[in-house]
Amino acid sequence: MNPRDFLQIANDLLRSDNPANSRTVFNRSYYAAYNVCVDLLKGAGFKIYESAAGHGQVNNYLGNCGIRDLEEAQMKLANLMSQRIKADYRMHEPSVEKYINAKKALKTSENIIQIFDSYVSNSEKKKMAKGINDYLKKIHSAS
Amino acid sequence: MGGGQGFNNALNCSSILNAYSNKIELIGYPDERWNMPRLVFIDGDESDPNNYGMNHRLIQYLAFAEDLIRKHFPSVDRISSSIEYNPETNDKWVSIDVEVTGDMNQVIEWEGSFVKEWVASVPYPERNKIRLSCDII
């Protein structure tokens with residue numbers, strides 16, 4: 001399945017302005033961008049856990065890849081994840097029930113995916129993989 | 001630890017340093033799942049045998065984050081913070097919650113400029129332990 005299809009679901013949910021829809025838009029927006037990132041990293045040769053552990057792994061890899069655009073995309077993804085946690089677990093939190101904030105989350109996800117999509121060529125993936133592998137070497141030599 | 005309510009004591013950003021000074025010092029330990037360093041709050045996972053102490057200087061970055069928010073979000077109405085917690089992974093971070101007024105695309109642009117300067121200025125993993133949650137009011 002193409003994770004970008006979650007964006008369409010999020011768009012469909014925005015046809016109705018109600019708290020449950022808005023919260024779900026945050027969730028689908030995050031997972032669309034997250035899974036596009038997973039595909040990018042897997043395409044560059046990295047094994048990404050298909051479990052909750054994968055979220056931290058994606059942050060660590062992308063946040064240390066040495067390519068500023070991707071490091072900024074990681075930070076935006078982490079911010080979106082923080083809002084996704086509020087939307088999914090904090091039922092007292094009203095901000096994630098507002099239509100405009102859900103719409104912003106969807107737009108942010110689209111922007112993040114656009115950045116990831118600009119790194120899908122083999123040459124860009126090689127640069128990213130080199131940055132991540134350099135980081136992993138540093139980590140391994142320090143431990 | 002039961003969800004986020006215990007951690008979600010919203011505070012004025014100016015009081016973050018005092019309020020959380022005994023909670024947000026970070027320590028690192030190799031995570032066996034992928035053999036990489038990982039940071040936790042010192043009061044977070046005390047039973048983890050892999051923990052070993054190392055301060056990663058998070059506190060100074062909270063004040064910097066507030067300065068950056070005021071620089072990049074001209075219509076900021078309120079800044080507060082809470083310690084957020086992911087019940088799926090047990091990870092914690094400081095969520096800086098910003099309320100702004102303005103057009104959605106403009107706010108997204110402000111967020112982009114904030115993230116750009118944040119990433120350029122704050123090292124990983126500290127920057128990943130402070131996350132922006134920007135709400136349009």
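Okay, let's start with one residue: A:Gln83 sits in helix α4 of chain A. Helices here are DSSP runs of H or I, at least four residues long, and strands are runs of E, at least two, both numbered from the N terminus. Before going on, some housekeeping. This is a predicted model, where local features need pLDDT of at least 70 and side-chain atom pairs count only at pLDDT 80 or more, while totals for chains, interfaces and linings use all residues. Residues are numbered from 1 along each chain as its sequence is written, chains are lettered from A and ligands numbered from 1 in the order in which they are written, and side-chain values use heavy atoms, with hydrogens and water left out.

Back to A:Gln83. Is this residue buried or exposed? At 6% relative accessibility, A:Gln83 counts as buried. Buried means under 20% relative accessible area, exposed means over 50%, and partly exposed is in between, using a 1.4 Å probe and protein chains only.

What does A:Gln83 touch? Leaving out residues up to four places away in sequence, the list is A:Phe26, A:Val96, B:Ser133, B:Cys134 and B:Asp135. Contact means heavy atoms within 4.5 Å. With B:Ser133 there's also a side-chain polar contact of 3.2 Å. A polar contact is a pair of N or O atoms within 3.5 Å; within protein, one must be able to donate a hydrogen and the other to accept it, and residues adjacent in sequence count only if both atoms are side-chain atoms.

That brings us to the interface. Chain A puts 42 residues into the contact and chain B puts in 40. About 3,600 Å² is buried between chain A and chain B, and carbon and sulfur atoms give 54% of that. Of the area that chain A buries against chain B, A:Met75, A:Arg90 and A:Lys104 supply 17%, more than any other three residues. Buried area, by the way, is the accessible area (1.4 Å probe) that two parts lose on being put together, summed over both.

There are 20 residue pairs in polar contact between chain A and chain B, both at pLDDT 80 or more. On chain A's side, the elements giving two or more residues are α3, α4 (68-89), α5 (99-117) and α6 (122-142). Helix α4(A) gives the most, with 15 residues. The count of salt bridges between the chains is 6, where a salt bridge is a side-chain nitrogen of Lys or Arg within 4 Å of a carboxyl oxygen of Asp or Glu. A:Glu72 and B:Lys116 meet in a salt bridge, at 3.5 Å, N to O.

Helix α3(B) runs over residues 104-121. Its 18 residues reach 26 Å from first C-alpha to last, close to the 26 Å expected at 1.5 Å a residue; the expected span is 1.5 Å times one less than the number of residues. Its buried residues include B:Trp110, B:Phe114 and B:Trp118. At the N-terminal end, B:Asp103 is the cap, with a side-chain oxygen 3.1 Å from the backbone nitrogen of B:Asn105.

Two loops to finish. B:Pro125 is in the loop between α3 and β6 (130-136) of chain B, and the peptide bond from B:Tyr124 to B:Pro125 is cis, with omega near 10°. B:Asn90, in the loop between β4 (76-85) and β5 (92-100) of chain B, has a positive phi near 70° despite not being a glycine.
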